[in-house]
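Have the viewer open and follow along.

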Amino acid sequence: MSDPQPEPDVAELGVPVVEVERLEVNFKGRVGFFAGLLGRKGSDAKAVDGVSITLHEGEVLALAGESGCGKTTTARAIMGLLIPDAGTIRYRGEPLARSRRGLRGYRRQVQMVFQDPTAALNPRQTIYEIVAEGLRIHGVPGGPDAKTEDELVARALSRAGLRPPERFYLLYPHELSGGQRQRVVIAGALVVDPSVIVADEPVSNLDASVRGEILALLMKLREEFRISILIVTHDLGLAWTVADRVAVMYLGRVVEVGPAEEVLQRPKHPYTKALLNVVPEAGGTERPILQGEPPDPTRIPKGCRFHPRCPVVASGRAERIGILNRCVGEDLALEELAPGHDVACYLTGLGEEP
Amino acid sequence: MSVLSVRDLGIEYQTTGGGVPAVRGVDLEVDRGEVLGLAGESGCGKSTIAGAILRLLPVKTRITGRIELDGNDILELTPGKLRAVRWTAGSIVFQGAMHAMNPVQRIGEQIMEPILVHGQSGEREARIRAGTLLEQVGLPTRRLDDYPHELSGGQKQRIMIAMALACSPSLIVADEPTTALDVMVQAQVLQLLRTLQHDLGLALLFITHDLSVLVEVADRLAIMYAGKIVEQGGAEAVFHSPAHPYTKALAAAFPAIGDMRFRGRPSGLGGDPPDPQQIPSGCPFHPRCAEVTPACSSVTPELWTAGPARLAACVHVSGAPALEGVSR
Amino acid sequence: MQTLDPTPSEPPVLVGEPANLVPPKSPRRIGWARRRRALSAFWKTYRRSRMGMVGLVMMILFILLAVVGPFFVPAKDVSVAFATGKPFQPPTVHWLLGTDNFGRSVLSLIVVGSRISLIVGFAATVVTMVLGAGIGIASGFYGGKTDTLLNALTNWFLVIPWIALAIVMASILGPTLLNIILIIGITSWAGTARLVRAQALTVKERPYVERARALGGGDLHTIAHHILPNVMPVIFANTVLTVALSILAETTLSLLGLGDPNSISWGGIINEAFQAGALSAGYWWWIIPPGVMIVLVVLAFTMCGYALDEIINPRLRAR
């Protein structure tokens, strides 16, 4: 993605907090012992292949795509939970340290919210212990205006909407509802005063009715504490409700990124459009649904990665307007279409709509 | 004529901590060629109803009321008769397709199994039938010889649908059939279910917590809360102009992209579903309700008329008896 | 984020059941109260197991015997030089279990020997558990080369006949009490390690371990707060069974003459009886009573162990 230019609508963005540049993550293919002896090699998966995204202060950025597109891997790399094969991640301009101490300092600033709150909580710890864990790891409370541990835990729990906090101290995760468990996970992140929250599908394991509450909580944190939030999601409807900007990923690459209003209302990439088509809508006018399986990162097609499933290619339109050769043969990068709105598709070069 | 008719169904699980009422007086009706969507939060009793229809609940469970499936009084059937009815009159598609398959048996054998068990045809015809079923769910016949692990999640769910269709049942119960699937695959499976239902004239009871899925698939919707149906009516009407505050909250959880009312304002329902052993008095929803009135904690609402072909259990609907302090 | 006041701007979230707990002053202290409650719930379940209760009562009796019993036995009763009885006396009212070749009361020997047998049993179990849990956790948690190496070591100890190894070690190290304990510990940790490794492998993949890492926790933190507490139940049930096995191992070693000659243990008594030809001479009172004691103590611990296993492991499976 391009650096922020002094354009009017881009200038509304805060300063960059997390900058990811040309990130690459490969997973080594594994083969069995005997297959290895026979000289067979596993196929490596390029889970993330040159992703550049920037998260600005106080911004909600949605990273969207199907499973296997590399969105979760990107999030995990940003969290420092896996070591990228190439590329840099900068936090407030500083490259992410790989040393233990450097990472620890970074992790106080960048916290994570997990997809399955039930699994993310140790069943043998009380809510108090779970929330206090971050404090104990980072040696807070400390410093002059230090509050006691239990004041900080209480504050985090009530900020996460669990009130009165004391009532939750001694409960175990299994005694809470799914929504409450996710609030505990959020409280556990909030307790160390982070400036960034990476939320990996934060509501997809929750009942539809409580999703809104959790999202509203995240919005409130952004509003009140100017926490930047990266939400990984497969649901563009969710992106519409909460995100300022949306980045759509396909097979390890960002294929479209821009302000949510633009990307979701006037998608410029055929894949974004296909994703929008599957957002359930009342009165379901028959919209074309992309057929086939989610893409396989061990076999990345040449040219535009989306071309084997692209409706523009399949309908013959790509051939008619003379971009087919490039679609199937030439790799392509994101190009700026409008300030802050980048697309990687040959259609846009011709000014065509998907 | 209705394929499935449920009358005053009550289901109580027996646990060491006493009886847990999961379903408390539910009436349902599904006609031939109709899709009824049953929606509600987890724990509202919707999956329990699915289990009761084929009597798949724990033996000790207390079931009252009446379930009529294809003319059979399910709750009165002898075990032998019940086995005959299962799968031929009604079958079920579960959520966890991955776990409902035998990993060491070929797909073909698993689809043939119910056909052979019910003695509907011999081995050879059963295999031909299995092949046809595979094509119906959009997979090539050669897949019959595959093992489950060779299939993707979406393909497994297609196989589950093929298995459900095997004995040409009149009713298919789909319990969260797409919840575990990826977005694109979910849309594909929904499309498939809709096409099959339409082409075969099946009755389909579609159970999910995801109201937006139902709007695309269902003809009619029934919304469940704390073991009871709280609203019923045509799918579009219920989704677009919900009468019950609970339905309103559920519907509001699904934003329409491009609708600025949703932008930056996620909405949902506060609080948690009630404990089935401690259901609030009056309207069970009143502690979480945005339109609660003083009458709500004492008056137990019934399914009152809420418009043409619409029923809702709320004191605010037009068909409710006049109550003090309740405005409509 | 510091400027924020924590006062709620939305209504409090409803909890299903307002846990009947007094709002705590010190969370950690009440955390212990909470654990005590969990323990009492566990006791309630345990009490329902008849096998477990019989085992427990027997176990407590044995422990009492070992702790208190020897104080009631005068030193001269078990001394080779000052024993007052005649050799090889069959059981009488005065000599309840007869005497041995030095005229010592077999009953007194058994009472005194119980202490050594149990000490060896418990101490060797501690060694087993520390080694087994440490190696199992390291192997399962770190994975990779560490795992390959430690797992190979574990398997090696599992497959070689322990008795052969024990004999070799005992003859090299010399038969002192401490060495016996070490030998038993070193030859029997492998089973525990394998069990712990398997559990650590599954726990390590749980998202809460990843959450701990995302919070900034290091390996030691993760092991202490997440792996160990979740491996503990497996270790616990295993421990009680290991005590039984260790007592048996001590008996075996003593029987082979590899026990500490300066201390009296049940295995040692039987060994001496054998050497004095008690079996062929028909001095049954010298062999059978210590044998029965060994069988009973092993039974007691095994019963407790199985009862614990039955309670703990279904829970693990259910989760």
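Which residues does R24(B) touch, not counting those up to four places away in sequence? The list is L9(B), A226(B), G227(B), K228(B), I279(B) and P284(B). Keep in mind that this is a predicted model. Below, we start with that arginine, move on to the sheet in chain B, and finish with a helix pair in chain A.

**R24 in chain B**
- You'll find R24(B) in strand β2 of chain B, which covers residues 18-31.
- R24(B) comes out as partly exposed because its relative accessible area is 25%, and the buried class is kept for values under 20%.
- I11(B) sits 13 residues away from R24(B) in sequence, with 6.7 Å between the two C-alpha atoms.

**The sheet in chain B**
- Eight strands of chain B make up an open sheet with mixed pairing, and their order is β6-β7-β8-β3-β9-β10-β12-β11.
- At the edges are β6 (90-93) and β11 (304-307) of chain B, each with pairing on one side only.
- On average, and ignoring direction, neighbouring strands here are turned by 25 degrees against each other.
- Within the sheet, β3 (residues 35-39) and β9 (residues 220-225) of chain B run parallel and are joined by four bridges.
- To see that pairing, look for L38(B), which stands opposite A222(B) in β9(B).

**Helices on that sheet**
- Helix α5 of chain B (residues 153-165) packs on the sheet, where it touches β6 and β7 (171-175) of chain B. The direction of α5 makes about 175 degrees with that of β6(B).
- Helix α9 of chain B (residues 245-252) also packs on the sheet. This helix touches β9 and β10 (228-234) of chain B, and its direction makes about 110 degrees with that of β9(B).

**A helix pair in chain A**
- Over in chain A, helix α8 (residues 178-190) packs with helix α9 (residues 208-225) at an angle of about 15 degrees, and their axes are 10 Å apart.
- That angle is why α8(A) counts as roughly parallel to α9(A); the cut-off for roughly parallel is under 35 degrees.
- The α8(A)/α9(A) crossing is right-handed.
- From α8(A), the contact draws on G179(A), Q182(A), R183(A), I186(A) and L190(A). The α9(A) side brings V210(A), E213(A), I214(A), L217(A), L218(A) and L221(A).
- Sorted by class, the contact between α8(A) and α9(A) has seven nonpolar, two polar and two charged residues.

Note on methods
Residues numbered from 1 in each chain as written. Chains lettered and ligands numbered in written order. Predicted model: local features only at pLDDT ≥ 70, side-chain atom pairs only at ≥ 80, totals over all residues. Heavy atoms only, no water. Axes fitted to C-alpha atoms, helices over the stretch in contact; angles between N-to-C directions. Helix = DSSP H or I, 4+ residues; strand = E, 2+ residues; numbered from the N terminus. Parallel < 35°, antiparallel > 145°, perpendicular 65-115°, else oblique. Left-handed = near helix turned anticlockwise from the far one by under 90°. Contact = heavy atoms within 4.5 Å. Nonpolar A, V, L, I, M, F, W, Y, C, P; charged D, E, K, R; others polar. Pairing = 2+ DSSP bridges. Buried < 20%, exposed > 50% of the residue type's maximum accessible area, 1.4 Å probe, protein only.
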